[in-house]
Amino acid sequence: MVSVIQNVAIDSADAYELARFWSDVTGCPLHPEDGPGVRETQVMLEQGPVLYFHQVPEPKTIKNRVHLCLRPESSRDQEVERLLGLGATFVADHRNPDGSGWAVLADPEGNEFCVLRSEPERADVQS
């Protein structure tokens, strides 16, 4: 017997607003019954578990022990710029001159996440 991951739970100060940010990031819709003011909401990813946002009273205080890694359809650098435009902040640059590496961003509530190279970028470096 095994367990299946149902969702990835993310604590938040404003569940709906943070879910809206991640809905824009992923291009996936919020749960159809959710709206402003809800204390729990979900981003319905096309594949894999849902992103579940749950409102909590305490703020984020330390670095995430678990984080999301995104593989964009566009180039990594184009995606970083798009996400910054959506309200992410730049945290750390781990990109290398040869094109490998990743960028670390944070969502509007400070949760860190990585932006990896796209599949075509990975193929270019390997060839």
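Colleague: Which residues does asparagine 7 touch, not counting residues up to four places away in sequence?
Modeller: This is a predicted model, in which local features need pLDDT of at least 70 and side-chain atom pairs count only at pLDDT 80 or more, while totals for chains, interfaces and linings use all residues. Residues are numbered from 1 along each chain as its sequence is written, and side-chain values use heavy atoms, with hydrogens and water left out. Asparagine 7 is found in strand S1, where strands are DSSP runs of E of at least two residues, helices are runs of H or I of at least four, and both are numbered from the N terminus. Contact means heavy atoms within 4.5 Å, and asparagine 7 touches Pro49, Val50 and Tyr52.

Colleague: Is asparagine 7 buried, partly exposed or exposed?
Modeller: Buried means under 20% relative accessible area, exposed means over 50%, and partly exposed is in between, with a 1.4 Å probe and protein chains only. The relative accessible area of asparagine 7 is 29%, so the residue counts as partly exposed.

Colleague: How far apart in space are valine 50 and serine 12, C-alpha to C-alpha?
Modeller: In sequence, valine 50 and serine 12 are 38 residues apart. In space, the C-alpha to C-alpha separation of valine 50 and serine 12 is 16 Å.

Colleague: What do the buried residues of H1 pack against?
Modeller: The buried residues of H1 are Ala15, Tyr16, Leu18, Ala19, Phe21, Trp22, Ser23 and Val25. They pack against strand S1 (7-12), strand S2 (40-43), S3, strand S4 (68-70), H2 and S7.

Colleague: Which residues lie closest to the centre of the largest pocket?
Modeller: On a 1 Å grid over the protein atoms alone, a pocket is an open set of points where a 1.4 Å probe fits, with protein on both sides within 12 Å along at least five of seven lines; lining residues have an atom within 4 Å of a point. The largest pocket holds about 610 Å³, the volume being the space filled by probe spheres set on points joined across faces, edges and corners. Of its 16 lining residues, the closest to the centre are Val25, Thr26, Leu70, Arg71 and Glu73.

Colleague: How many charged residues are in the lining of the largest pocket?
Modeller: H1, S4 and H2 each supply at least two residues of this lining. Asp, Glu, Lys and Arg count as charged; Ala, Val, Leu, Ile, Met, Phe, Trp, Tyr, Cys and Pro as nonpolar; and the others, Gly among them, as polar. The lining has nine nonpolar and two polar residues, and the number of charged ones is five.

Colleague: Is leucine 70 buried or exposed?
Modeller: Leucine 70 is found in strand S4. Beyond its neighbours within four places in sequence, leucine 70 is in contact with Trp22, Val25, Leu83, Phe113, Cys114, Val115 and Leu116. At 16% relative accessibility, leucine 70 counts as buried.

Colleague: Which strand supplies the largest share of the lining of the second largest pocket?
Modeller: The volume of the second largest pocket is about 260 Å³. Of its 14 lining residues, the closest to the centre are Ala9, Ile10, Asn64, Val66 and His67. The largest share, four residues, comes from S1.

Colleague: Is valine 66 buried or exposed?
Modeller: Valine 66 lies in the loop between S3 and S4. Its relative accessible area is 67%, so valine 66 is exposed.
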